[in-house]
Amino acid sequence: MVSQLSMVPVIIDSTKFSLTDLACLGDVRLHDEGIELDFVSRVNYDGDDETVIYNFWATVGSYVPLLTNEDVIRFDWDRYIKVKTRLP
């Protein structure tokens with residue numbers, strides 16, 4: 001099966017981080033629960049949530065090392081979408 005891109009919004013506690021702190025991870029905006037981050041991940045198949053979570057934490061470790069599991073309010077799996085990209 002061909003790899004593809006998927007996006008899942010991640011809600012992060014806004015008391016410890018600002019929008020600019022998290023902008024390196026994807027599109028960010030204020031949400032009523034905290035900061036909403038649209039995290040895009042390459043996955044092996046549609047609905048591959050384990051790979052999304054793994055890629056999220058691998059990316060966080062490189063770009064925002066102070067972000068911990070306790071700072072993540074939730075992954076919004078109800079709004080998980082396949083990202084369509086144009087082929088060259």
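**Asp38 and Gly26 in a predicted model**

Biologist: Setting aside neighbours within four places in sequence, which residues is Gly26 in contact with?

Modeller: Contact here means heavy atoms within 4.5 Å. Leaving out anything within four places in sequence, Gly26 is in contact with Leu37 and Asp38.

Biologist: What should I know about the model, and how does the protein chain score on average?

Modeller: It's a predicted model, where local features need pLDDT of at least 70 and side-chain atom pairs count only at pLDDT 80 or more, while totals for chains, interfaces and linings use all residues. Residues are numbered from 1 along each chain as its sequence is written, and side-chain values use heavy atoms, with hydrogens and water left out. pLDDT is the predictor's confidence in each residue, from 0 to 100. In the protein chain, 94% of the residues score at least 70, and the average pLDDT is 91.

Biologist: Is Asp38 buried or exposed?

Modeller: Asp38 sits in strand β3, residues 34-43 (strands are DSSP runs of E, at least two residues, numbered from the N terminus). Buried means under 20% relative accessible area, exposed over 50%, and partly exposed in between, with a 1.4 Å probe and protein chains only. Asp38 has 15%, so the call is buried.

Biologist: And what about Gly26, what does its relative accessibility make it?

Modeller: Gly26 lies in the loop between α1 (19-22) and β2 (27-31). Its relative accessibility is 24%, so Gly26 counts as partly exposed.

Biologist: How far apart in space are Gly26 and Glu36, C-alpha to C-alpha?

Modeller: In sequence, Gly26 and Glu36 are 10 residues apart. In space, their C-alpha to C-alpha distance is 9.7 Å.

Note on methods
Helix = DSSP H or I, 4+ residues; strand = E, 2+ residues; numbered from the N terminus.
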